[in-house]
Amino acid sequence: MSGEEDGMLLPDKSVLASLLRRYRVWERVVLADPHDPVARRRLEDLAYTLCVLMGRRTVHEAIIEAEQYLATDREAPRTIERRNR
């Protein structure tokens, strides 16, 4: 966990981004073969993990929250300090 917002610990952004990518991959696998119990279970496990990390009850809410959280870093301008040598 990295930051804290409204009293809630927030997950590391790289871990969260990786989980979102994995969720989307398994979502496509399940859509391609909805009767595969292994793929379905992996998707459900990832959905549960996203819900817990983002403090949401549904995976849809968790994904929206995660995407908004990940986007906050991209919106802030980055500056690089240069040292004079």
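Of the contacts in the chain with a separation of 6 or more, 50% are accounted for by residues 24 or more positions apart. The model is a predicted one, and its chain contains two strands and three helices. Read from the N terminus, these elements follow the order β-β-α-α-α. Of the 85 residues in the chain, 26% are buried. The accessible surface of the chain amounts to about 6,900 Å², and carbon and sulfur atoms contribute 50% of this area.

Helix α2 comprises 18 residues, spanning positions 37-54. The distance from its first C-alpha to its last is 26 Å, close to the 26 Å expected at 1.5 Å a residue. Within α2, the buried residues are Ala-39, Leu-43, Leu-46, Ala-47, Leu-50, Cys-51, Leu-53 and Met-54. These residues lie on the same side of α2 because they cover an arc of only 165° around the axis. The face turned away from this buried side bears the exposed residues Pro-37, Tyr-48 and Val-52.

Conventions
Residues are numbered from 1 along each chain as its sequence is written. This is a predicted model: local features need pLDDT of at least 70, side-chain atom pairs count only at pLDDT 80 or more; totals for chains, interfaces and linings use all residues. Side-chain values use heavy atoms; hydrogens and water are left out. Helices (H or I, at least four residues) and strands (E, at least two) are DSSP runs, numbered from the N terminus. Buried means under 20% relative accessible area, exposed over 50%, partly exposed in between (1.4 Å probe, protein chains only). Contact means heavy atoms within 4.5 Å. Accessible areas come from the Shrake-Rupley method with a 1.4 Å probe; for residues, only the protein chains shown count as cover. The expected span of a helix is 1.5 Å times one less than its number of residues. The arc is that of the directions from the helix axis to the C-beta atoms.
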